[in-house]
Amino acid sequence: MPKGLLSVVVGNTPDARGAVVNHAMRLSPRAVVLAVSIQNTPDEEYPTVQRFVSGDDPRLRDTAPLSATGDPAVILRQDLLSLKRAAGQPHIALALPTELDVLPFLVELWRKRIGSSSLEDHYEPAPILVGVDPESFMADIGCVHRTVRLWNGSARSDPLTPAEIAARQIEAADALVFPVPATSNGHRADGVAALASQLNSDALLVRPTGLDEAEMELPPSLIQPAARGIGDEWRAQLEPVTVPRSRRGCDHGVNSVLWRARRPLHPERLADALGTVMCGVVRSRGHLWLCSRPDSVVTWCSAGPHLELREAGSWLEAGARHAWDAVSPQRRTLASWFWHDYYGERRNEITFTGIDLDAQRIRSTLAATPDPLLSDGDPP
């Protein structure tokens, strides 16, 4: 049976999300929009999920809102299967709210369930489209004084700052769409676009060519099926050892620095180095090998002025077949590339992105943080 096409659209503001949906509809006029909003319930066990379906197909059009309380991934999966049965081969534009953590949600939505067909049996996923309002992004990327919890599929996330949410949304995109022309502050919009391109070097950047938003057109490839294995790519991006790739060079003062090392770091030395390392950093992600936690992958994640280190599972060990089977193919590949006969998978790797970062200063400062009792050839 022919599959439908599922386009996922998000935005850092409702207007940005709506503008991207409108642009997608110009390319695919017969597409059906499934717009979602989420409201937390008083007991916070499950949210109320409201859905609005609109489109030209009379079999699918329903202007009355649908509302249900429960697991967002389960509810929307049922909606998508119902739309597929009704239309045969629809193109669905799934417009998701900011209350959902996009990548974990999509992994859960696409997950195969026992006794039920998989969503991938019915739909081909199209590239993820993220609408970006530059002013809102700049306000969010510096906001760390409060936290919120997003729905990541079947549960709520740990508390996240607005800065972390803004960065995650950029990093989830296959295409970053700046739908509003830069009329009032073009320099700031250019700077945000440069920062977004560094945070997600694989994403296609789409901006208006003139002062009129209507002049912007999305490339037709953005409403075509994505590359095969995209579900594995989503899952791989959530692995604790996945480090984002960045663009080389400097654009509008924005640049990135990749640091790698193969010695366990000393926690106190690392803490002393943070003031120097983090100067000018807007976003950093990676993982650490700490001498105080030799068996644990410790993730490094910062957005704005907030830095968080968290234990996130164990390093892969030789002969641990179950552990290797449980991770993504991409992580197995990375482990093979970086494998050491004694250390195994253990290593440090962090990507720093910010304004006028000094690569030599960052790398030399971090080079002084390993455990002083260990030489380069010593085991931990």
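Which strand does T299 lie in? T299 belongs to strand β12, which covers residues 293-303. Before going further, note that this is a predicted model, in which local features need pLDDT of at least 70, side-chain atom pairs count only at pLDDT 80 or more, and totals for chains, interfaces and linings use all residues. Residues are numbered from 1 along each chain as its sequence is written, and side-chain values use heavy atoms, with hydrogens and water left out.

The overall picture comes next. The protein's secondary structure amounts to 11 helices and 14 strands (DSSP runs numbered from the N terminus, helices being H or I of at least four residues and strands E of at least two). Its radius of gyration is 22 Å, close to the 21 Å given by the globule rule for 380 residues, so the protein is as compact as a globular protein of that length. Here the radius is taken over C-alpha atoms, and the rule is 2.2 Å times the number of residues to the power 0.38. The C-alpha trace spans about 70 × 55 × 40 Å along its principal axes.

Of the 380 residues, 50% count as buried; buried means under 20% relative accessible area, exposed means over 50%, and partly exposed lies in between, with a 1.4 Å probe and protein chains only.

Helix α3, residues 102-110, is mostly covered, with 8 of its 9 residues buried. These buried residues are V102, L103, P104, F105, L106, E108, L109 and W110. The elements that cover them include strands β1 (4-11), β5 (91-95) and β6 (123-125), together with helices α2 (72-87) and α7 (230-237).

One of those buried residues, E108, is touched by S154, which also touches Y46 and D71 when residues up to four places away in sequence are not counted. S154 sits in the loop between α4 (134-141) and α5 (162-171). Its relative accessible area is 37%, so S154 is partly exposed. Although S154 and V74 are 80 residues apart in sequence, their C-alpha atoms are 8.0 Å apart in space.

P159 is found in the loop between α4 and α5. Is P159 buried or partly exposed? It counts as partly exposed because its relative accessibility is 48%. Apart from neighbours within four places in sequence, P159 is in contact with T147, V148 and R149. From P159 to T351, 192 residues along the chain, the C-alpha separation is 23 Å.

T351 lies in strand β14, residues 348-355. With 5% relative accessibility, T351 counts as buried. Its contacts, leaving aside neighbours within four places in sequence, are V243, P244, S246, S256, V257, L258, R283, S284 and R285.

At 17% relative accessibility, T299 counts as buried. Not counting residues up to four places away in sequence, T299 touches P240, G286, H287, E308, L309, R310 and A312.

Terms used: Contact means heavy atoms within 4.5 Å.
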